[in-house]
Every structure is written in C-alpha cells, then in structure tokens.
Amino acid sequence: MAKKRPQTKAKRPQITDGEIPVVGAREPCPCGSGRRYKACHGRAAAQAATELVHRPFEGLPGECDWVALRELVPAATAELTLKDGLPEGVPSVTLATVLPMAWPALRRDDGSVLLGLQNDTASGDISRDLADTLQRALTTEPGTPVQGRRAPADGPRLQDLIDLDSAFEPVVHSGFEFWVPDAENATPEVAASLERANAAAIPTVRLTGVDAAYWCETPDKNHLRWVMPHPEEQLLDALARLHAAGTSSLGEGTRLVGSFRAHGLTVPVWDLPGSVGAEEIEKPAAEFAERLAAALATDAPLTPDERRARGGLTNRQVTLS
C-alpha cells in the first residue's frame with residue numbers, strides 16, 4: 001500500500017466570540033472550524049437570543065412597577081436616570097407604556113427620548129432589548145423613531161445603563177396626550193389617533209399608600225391589581241392563610257379572585273364593586289398589607305382549609321409572560 005502523504009494543516013485564524021459575524025445558518029462558520037455556522041457559533045448565538053429571562057426587571061428600582069407598566073397599565077410614563085448621565089443634546093429620557101405606531105423608541109425634535117415598554121421583543125430578555133433600543137435612541141437624529149431589532153447577545157441590559165440608586169416614580173395618565181408636546185394644537189390626523197387610543201384605554205389609578213397597586217375601572221366592575229415582590233410559593237401560602245381566615249378581601253363586596261404571573265412576579269387581583277373608586281380602596285389596601293406581612297412571617301404548615309384555599313388560588317392563576 002502506498003504510504004499516505006503527510007498532510008499539512010493550515011493555521012486557522014483565531015477569532016474571538018465577540019468578533020464572529022453573523023452569516024447564513026448553512027454557511028461555513030467564520031471561526032474556521034469547518035462546520036456550518038448554525039452548528040458552531042450560531043448555536044450559542046441562537047440560544048442567547050431565545051433563552052427566556054423570567055425576571056427581566058430584577059435589580060431595577062421599582063421592579064414591581066416595571067412589570068405593571070409592561071402588562072397592566074395603558075398610559076403611563078416614568079423619568080429614567082442613567083448611570084453615566086444624559087448625553088449632550090438629550091435633555092431627558094422617559095419610559096412610556098406605549099408610543100405612536102408602536103415605535104420602540106422616539107427621539108423628539110428637542111432631543112429628548114421616549115422609550116416604549118409595551119412592545120414585542122426579539123429575544124428572551126426584555127431588559128437587553130430595551131437597553132439596545134435606548135442606546136440607539138440616544139444617538140439617533142432628533143425627530144426620528146427607532147425601529148426594533150434583535151439586540152446583540154452580549155449587549156448591555158437596562159441594569160447596566162440605569163442608575164440603580166435612583167427613584168422610579170410612574171405617572172399614570174388618563175390618555176396619551178404625552179405623545180405630543182402640544183396636544184391641543186395637534187394636526188387632525190394626530191388628534192384622531194389620540195382620540196382612538198384614549199377611547200381604548202382603561203381608566204387606571206396607581207394607589208399612593210402601598211407599592212405597585214393599580215385600581216382600574218371596567219364596564220361591569222372595578223379591579224385592584226397589585227404586583228408583589230415576594231417569592232411566589234411564599235406569597236401563595238400567605239394569601240391562602242388569609243383567604244381561609246376570611247381576611248383576604250378589601251372590604252364589603254370585594255373579593256380576591258386569583259392572580260396573574262408576570263415576569264417572575266405574582267399579581268393578586270381583587271374584584272371591586274363599581275361604586276368603589278381608587279380613593280376608597282386606599283385604606284383597605286394599607287390594612288391588607290399589614291395582614292399580609294404577618295401571614296408572610298408565618299412558617300407553620302398549612303391547615304387543610306388553607307391548603308384547599310391555596311389550591312383554589314393556584315387554579316385561578318394566569319401567566320401573562
């Protein structure tokens with residue numbers, strides 16, 4: 001048999017992960033491995049893009065309010081404080097629940113930035129997508145909206161850009177007039193768009209006596225939706241204890257009907273009579289917060305009645321995200 005001729009291996013270029021460009025899934029990977037991109041570096045990129053972050057707002061000031069503004073509140077804004085301060089020519093950065101045309105962000109004519117929260121995101125990490133949109137909005141031309149895209153897998157998150165010691169104070173609006181600086185003198189087209197958006201908005205009020213609790217009005221009844229930071233299992237146990245004891249309501253005619261699960265947090269929901277407004281529920285909500293704190297501090301095993309109450313609450317839980 002003929003001897004095999006020794007093969008010389010060409011030295012492959014060394015490319016770091018951060019330098020690898022995105023190519024077609026079936027094309028050779030630029031790292032020089034000889035494998036297709038989707039089976040090499042594309043696999044990690046795809047996983048990073050789709051891996052779901054269950055608590056994307058964890059660590060941000062006002063995490064519970066971030067969840068509420070993302071999922072529950074129609075029209076609200078909150079001023080954002082950046083770690084490195086505002087760039088030159090950007091007088092302010094404002095988070096908004098939603099923007100016209102569902103834009104991810106908008107750089108206004110005066111240079112200020114509006115960042116939309118209630119938008120579809122391209123990856124499993126809302127925080128990273130929003131941070132990418134924010135960074136692009138800070139440098140785009142004034143008077144220009146920012147379009148959505150998939151954020152780089154190694155890009156910063158909101159937690160890297162926002163001052164974590166700053167206050168997060170949402171302002172709930174009755175309509176979307178914050179879209180335009182001078183709503184009263186808006187063009188007929190803009191005025192018609194505002195009218196349609198305002199007509200679809202559910203009247204909502206943020207309570208002042210407790211954190212991240214939002215009263216809302218619907219045609220049949222009113223509701224209180226309260227985003228809570230406690231671990232889900234511990235919170236459900238505490239709610240079950242109060243429910244079994246008959247102390248889970250917020251007063252006559254009110255009822256704890258279940259909860260949402262949103263972005264890693266639990267959102268208990270109460271039905272309220274149509275006659276009960278936001279002001280009337282402030283005191284009962286504060287009193288409930290005290291009862292809940294005592295129930296959360298209890299670690300005794302659940303009684304049979306409490307276990308049944310917990311099962312009922314779990315069965316009525318809906319996952320929003």
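Strand β4 (113-116) is covered on both faces in this predicted model. Val113 and Leu115 lie on one side, Leu114 and Gly116 on the other, and all are buried (under 20% relative accessible area with a 1.4 Å probe, protein chains only; exposed is over 50%, partly exposed in between). Strands (E, at least two residues) and helices (H or I, at least four) are DSSP runs, numbered from the N terminus. Residues are numbered from 1 along each chain as its sequence is written. Local features need pLDDT of at least 70, side-chain atom pairs count only at pLDDT 80 or more, totals for chains, interfaces and linings use all residues, and side-chain values use heavy atoms, with hydrogens and water left out.

β4 belongs to an open sheet of six strands, ordered β5-β3-β4-β2-β1-β6, with mixed pairing. Two strands pair if DSSP finds at least two bridges between them. β2 runs parallel to β4, and four bridges connect them. Thr94 stands opposite Leu114, and Ala96 has Gly116 as its bridge partner. β3 is antiparallel to β4, with three bridges. Here Leu106 is the bridge partner of Leu114. The β3-β4 hairpin has five residues between its strands, and Gly111 takes a positive phi near 95°. At the sheet edges, β5 (144-146) and β6 (171-172) each have a single partner strand, so one side of each lacks a neighbour in the sheet.

Helix α3 lies across β2, β3 (105-107), β4 and β5. The helix runs at about 160° to β4 (axes are lines fitted to C-alpha atoms, for helices over the stretch in contact; angles run from 0 to 180 degrees between N-to-C directions).

The largest nonpolar core holds 37 residues. Such a core is a set of buried Ala, Val, Leu, Ile, Met, Phe, Trp, Tyr and Cys residues joined through side-chain atoms within 4.5 Å. Trp66 and Val227 touch the most other members. Elements supplying at least two residues each include α2 (63-71), β4, α3 (126-139) and β11 (265-272). α3 gives the most, with six. Val227 touches residues including Cys64, Val67, Leu72, Asp211 and Leu265, not counting residues up to four places away in sequence. Contact means heavy atoms within 4.5 Å. A second, separate core of 24 residues includes Leu256, Phe288, Leu292 and Leu313.

The protein chain has eight helices and 12 strands. Buried residues make up 43% of its 321 residues. Among contacts with a separation of 6 or more, 60% join residues 24 or more positions apart.
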